[in-house]
Amino acid sequence: MRRFRVLTPMAVGVSAVVYLILYLVFATGSGVGVIEVGVALLVVLLAALVATAVVLAVLLIAVGLLRLLGVNSAWAALGLAFGLTVVVLGIIYAGIAASMQPGDPGFNMLILLEAAGVQIPVWLTFAVGLLVGDRREQAARSRVSPTP
């Protein structure tokens with residue numbers, strides 16, 4: 001769990017930068033003013049914090065479940081957390097789809113897609129962080145010479 005807590009500020013930062021770049025690229029109008037950028041920064045930071053908090057909460061649940069089984073792997077926790085998230089989003093999707101009428105424009109689906117989409121940079125940051133950490137540990141072990 002310590003590895004995920006160390007990576008959490010990085011996940012928030014990466015997500016905020018990605019969202020801000022997307023906002024600036026897709027901003028409508030002839031120009032983006034200072035007020036619009038300020039509001040965008042606030043919304044972007046809030047979205048990054050919420051997405052990271054949700055992913056971290058699911059990771060905590062996954063780590064707890066795996067500890068009950070005696071598994072102490074960050075990769076297993078990341079995989080289980082992602083699987084749990086996909087299942088929950090699938091259940092929400094089924095509930096929204098069942099409650100919609102044929103003439104509805106699908107606004108609720110957009111909210112679900114946004115909720116799933118804002119998590120993408122967080123999941124990728126955790127995965128890349130674990131991969132880099134594993135590579136550094138392997139490199140450190142290979143540099144240490146065995147004692148005779």
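Colour the chain by secondary structure and follow the sequence: the pattern reads α-α-α-α-α. That comes to five helices and zero strands, where helices (H or I, at least four residues) and strands (E, at least two) are DSSP runs numbered from the N terminus. What you have open is a predicted model, so local features need pLDDT of at least 70, side-chain atom pairs count only at pLDDT 80 or more, and totals for chains, interfaces and linings use all residues. Residues are numbered from 1 along each chain as its sequence is written, and side-chain values use heavy atoms, with hydrogens and water left out.

Now switch to a burial colouring. Of the 148 residues in the chain, 27% count as buried; buried means under 20% relative accessible area, exposed over 50%, and partly exposed in between (1.4 Å probe, protein chains only). For contacts (heavy atoms within 4.5 Å), take pairs at least 6 apart in sequence: 70% of them join residues at least 24 apart.

**Stop 1: helix H5**

Select H5, residues 120-143. Its 24 residues should span 34 Å at 1.5 Å a residue, and its end C-alpha atoms are 35 Å apart, which agrees. The expected span here is 1.5 Å times one less than the number of residues. Buried positions in H5 include Pro121, Val122, Trp123 and Phe126.

Zoom in on Thr125, also in H5. Thr125 counts as buried because its relative accessibility is 7%. Leaving aside neighbours within four places in sequence, Thr125 is in contact with Met10, Ala11 and Val14.

**Stop 2: the salt bridge**

Which residue pairs with Arg3 in a salt bridge? Select Asp134: the closest N and O atoms of the two are 2.8 Å apart. The cut-off is a side-chain nitrogen of Lys or Arg within 4 Å of a carboxyl oxygen of Asp or Glu. The pair links distant parts of the chain, with Arg3 in helix H1 and Asp134 in helix H5, 131 residues apart. A search of the whole structure finds one salt bridge. Arg3 counts as partly exposed, because its relative accessibility is 25%.

**Stop 3: the largest pocket**

Next, show Val6, Leu7, Gly129, Gly133 and Arg136, which lie nearest the centre of the largest pocket among its 14 lining residues. Helix H1 (2-26) and helix H5 (120-143) are the elements that give two or more residues to this lining, and H5 gives the most, with nine. Gly129 and Gly133 are also among the buried residues of H5.

If you want to compare with your own tool, a pocket here is an open set of points on a 1 Å grid over the protein atoms alone, where a 1.4 Å probe fits, with protein on both sides within 12 Å along at least five of seven lines; lining residues have an atom within 4 Å of a point. By class, the lining has seven nonpolar, three polar and four charged residues. Ala, Val, Leu, Ile, Met, Phe, Trp, Tyr, Cys and Pro count as nonpolar, Asp, Glu, Lys and Arg as charged, and the others, Gly among them, as polar.

**Stop 4**

Last, move to helix H2 (residues 34-68) and pick Leu66. Is Leu66 buried or exposed? Buried, because its relative accessibility is 11%. Leu66 touches Val71, Ser73, Ala76, Ala77 and Leu80, not counting residues up to four places away in sequence. The C-alpha atoms of Leu66 and Leu80 are separated by 8.6 Å.

Leu65, also in H2, is partly exposed, with a relative accessible area of 37%. With residues up to four places away in sequence not counted, Leu65 touches Leu80 and Leu84.
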